[in-house]
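Below is a short note for a colleague who is meeting this structure for the first time. Please read the points beside the sequence and the model.

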Amino acid sequence: INTPATPTTLNTEQTFCASTVPTIASIQVGQGQVIWYDVIGGTPLVSTTPLVNNTTYYGYLEDQGCLSPTPLEVIVDYEIVSAPNFTSGTQFFCPQPSYLGAITVAQLNTNGQQIQWFESATSTTPLASTTALVNNATYYAATVGSNCISTLRTPVYVVLESINVPTTNDTTQLFCRSTIPTVADIQISPSSVVWYDAEFGGSVVSLTDELINNAYYYAAGSNGTCESGNRRSVLVNFEVVTPITTNESIQFFCPPAANEVQLTIADLTIDTLGFGVNGIGVIWYDAPNGGNTLTSTTPLVNNTTYYVGKEQGLCLSDNRTSIYVVIDGITTPGSINVPQNFCGLEAPTVANLQALNPSINWYDAPTGGVNLPSTTTLVDGTTYYAELFNANCSSPSRLPTTVNVEIIAPTNVS
């Protein structure tokens, strides 16, 4: 009579991953052709029978219809791993720079858990960490335990935000330096962008920051939560207008005569080639900054500073050139006596005419006329005109003086 031995095993308490759905065939034994029961004396179990957690199974060897007198007892336990927990069933992703490539499975938030990701609730092949995420797709997370993964999977819905890169009519933009342009002046569409000082990374630039010549600025589209992955670059250039210059920062003028045109801005002298004082590109002001613009016919005022700037295209010179105006204060000479009387026997000349001021030239007309030599004989009943002069100017008007030359006939002595 053959008496089969009891089957052997390395472990009489065997643990299985619930997620693998183990069967009778999964029990480890040292021999083949073991017949298994879940109750002694019960019905033999087929190899595809699913194992039940915390259950003892009885294994017998069979030889010519005889079974082992003593069964091998194996206790089956399941390692049950809970499905992962997430604070939200939806994960949002902002666009990332093109050089980083697509957003991948590796970027899914695991909430600090060991996770394997699957494309469905039942798929058996985990997704590679480099798998690109698809917008509006659901991915399934299984928790990874010490040896097993969770039987149940948690679905996570993925939303990939889409934000367009801003556009501009001109990637190189020209500004007038004199206007002190700021970042807010850069033309960009839409206007609700975030500006940076670098194509990637970098620092945010405020809209109130003054622009820097020959500098690049980078605009990212924004919806308030996310920004576009790439940024639009804009190169800023300044148009610099060279200031108008003059060799005479203090300009002296003689007062105009009564019959002459009044002194105006047009009488000031500047040195910029190609620009007349009234020409295109020259703008006069009453202040070094801001102030009022003055026309070429604006009268000059003594002891006043005027400021000139240059206009070129749509831009103005950064600085204005100052010109201080001094108008000589010379006045009409005063007279001692009007008319002036002379004795003809003394043969009076222009040199005998009197005025309250020294430095007098005498003329035969109120304007223009002849500058009379001092030896000119005075003529009775004639009006002479006194003009005061100094090193630079003559008085704007002349003092008229009428001359009486009295001639007394000699008395006959008998």
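1. Phenylalanine 253 counts as buried because its relative accessibility is 13%, where buried means under 20% relative accessible area, exposed over 50% and partly exposed in between, with a 1.4 Å probe and protein chains only. Phenylalanine 253 belongs to strand E15, residues 250-253, a strand being a DSSP run of at least two residues, numbered from the N terminus. From phenylalanine 253 to glycine 368 the separation is 115 residues in sequence and 19 Å in space, C-alpha to C-alpha.

2. Before going further, please note that this is a predicted model, in which local features need pLDDT of at least 70 and side-chain atom pairs count only at pLDDT 80 or more, while totals for chains, interfaces and linings use all residues. Residues are numbered from 1 along each chain as its sequence is written, and side-chain values use heavy atoms, with hydrogens and water left out.

3. The whole structure holds two salt bridges, each defined as a side-chain nitrogen of Lys or Arg within 4 Å of a carboxyl oxygen of Asp or Glu. In one, aspartate 318 pairs with arginine 177, with 2.2 Å between the closest N and O atoms. This pair links distant parts of the chain, 141 residues apart, since aspartate 318 sits in the loop between strands E19 (315-316) and E20 (321-327) and arginine 177 in the loop between strand E10 (172-176) and E11. Aspartate 318 is partly exposed at 27%, and arginine 177 is partly exposed at 36%.

4. Glutamate 387 and arginine 398 form a salt bridge with their closest N and O atoms 3.0 Å apart. Glutamate 387 lies in strand E23 (residues 383-388), and arginine 398 in the loop between E23 and strand E24 (399-406), 11 residues apart. Both glutamate 387 and arginine 398 are buried.

5. The largest pocket has about 220 Å³ of space; a pocket is an open set of points on a 1 Å grid over the protein atoms alone, where a 1.4 Å probe fits, with protein on both sides within 12 Å along at least five of seven lines, and lining residues have an atom within 4 Å of a point. A volume is the space filled by probe spheres set on the points. Of its 15 lining residues, the closest to the centre of the largest pocket are Ala257, Glu387, Ser395, Pro396 and Ser397.

6. Asparagine 2 lies in the segment before strand E1 (13-17), and its C-alpha atom is 7.4 Å from that of cysteine 66, 64 residues apart along the chain.

Terms used:
Helices (H or I, at least four residues) and strands (E, at least two) are DSSP runs, numbered from the N terminus.
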